Amino acid sequence: MTTLDKAGTFTLGDRTVHRLGYGAMQLAGPGVLGPPRDREGAVAVLRAAVEAGVNHIDTSDFYGPHLTNKIIREALHPYADDLTIVTKIGARRDGTGAWLPAMSAAELTSAVHDNLRNLGLEAMDVVNLRIMGSGDGHGPSAGSIAEPLATLVDLQKKGLVRHIGLSTVTPTQVAEARGMAEIVCVQNLYNLAHREDDAMVSDLAQAGIAYVPYFPLGGFTPLQSDALSEVAAALEATPMQVALAWLLQRSPNLLLIPGTSSVGHLKENLKAADLVLPAEAVARLDRIGAG
């Protein structure tokens, strides 16, 4: 049994993937803009991930933009038969690095074609419709998503997209989308400190739909970080390993996509699959997101 086997598997579309995957966002330059400082290092991280058994890579052509997918292609093409590449569309970057909505039919269609071209694929395994929400665009906001989703459904009918997912959405939007198409995953902010989607995680698990949390260490207060670090020290693990292990134990439909540009950090992250949190540690960790 490999390390990743210990974390288990889950169905994503028509594929079975290890629950510990890899997120490619950090392969771009600072602020997810421009080329990486070390392109050879970025290629090495991707190859090390696949060699370790990772068969679920999360990306987007607006990382860079256009650069991360080209690095994935350089490192891994032709792709292994069991490798599932998931992308997202619905946003774009301007010259200052701002994240802006790109939700028109023309923009969504162009984004799918950009992903296919830069990855060297004829069809995407999974495409997440990324809703640019409130504040800085990284939080959900209410409203119908039927119009942009209809464009993605049309692209699926044309054979360019095999499966459809959603990103940064509310429960109401998930319900609306499931009335229009089969939804295979939801990708939202969720971690020890941000538990607003607890009910959604459970509901999707019952429906056999994957939930893909991002920012496993994002948005912690100093006190919350201290509590996590104390638990990690007691278990002789890193805070990231503990945060990932908590997610793995939280629900079987959680698929993790921690990202890094370092082979060393990649190996550390994947070792979270070996970590079994005792009940007292889980109880203390649960209190981080209480209230």
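1. Ground rules. Residues are numbered from 1 along each chain as its sequence is written, and side-chain values use heavy atoms, with hydrogens and water left out. Because the model is predicted, local features need pLDDT of at least 70 and side-chain atom pairs count only at pLDDT 80 or more, while totals for chains, interfaces and linings use all residues.

2. The helix pair. Take helix H7 (residues 222-234) and helix H10 (residues 279-288). Their axes come within 10 Å and cross at roughly 170°. Axes are lines fitted to C-alpha atoms over the stretch in contact, and angles run from 0 to 180 degrees between N-to-C directions. H7 is therefore roughly antiparallel to H10 (the label for angles over 145 degrees). Helices here are DSSP runs of H or I with at least four residues, strands are E runs of at least two, and both are numbered from the N terminus.

3. Who touches whom. H7 brings Gln-224, Ala-227, Leu-228, Glu-230 and Val-231 to the contact; H10 brings Ala-281, Arg-284, Leu-285 and Ile-288. Contact means heavy atoms within 4.5 Å. Six of these residues are nonpolar, one is polar and two are charged.

4. The cores. The largest nonpolar core has 79 residues. Such a core is a set of buried Ala, Val, Leu, Ile, Met, Phe, Trp, Tyr and Cys residues joined through side-chain atoms within 4.5 Å. Buried means under 20% relative accessible area, with a 1.4 Å probe and protein chains only. Helix H8 (residues 239-250) gives the largest share of this core, eight residues. A second, separate core has eleven residues, including Leu-12 and Cys-185.

5. Leu-285. Leaving out residues up to four places away in sequence, Leu-285 touches Leu-192, Leu-228, Val-231, Val-242, Trp-246 and Leu-277.

6. The strands. Strand E9 (residues 161-167) has six of its seven residues buried. Strand E8 (residues 124-130) runs parallel to E9, joined by six bridges. E9 also pairs with strand E10 (residues 183-189), again parallel, over four bridges. Pairing requires at least two DSSP bridges. Leu-166 of E9 is the bridge partner of Leu-129, and Leu-166 stands opposite Val-186 in E10.

Terms used
Parallel < 35°, antiparallel > 145°, perpendicular 65-115°, else oblique. Nonpolar A, V, L, I, M, F, W, Y, C, P; charged D, E, K, R; others polar. Buried < 20%, exposed > 50% of the residue type's maximum accessible area, 1.4 Å probe, protein only.
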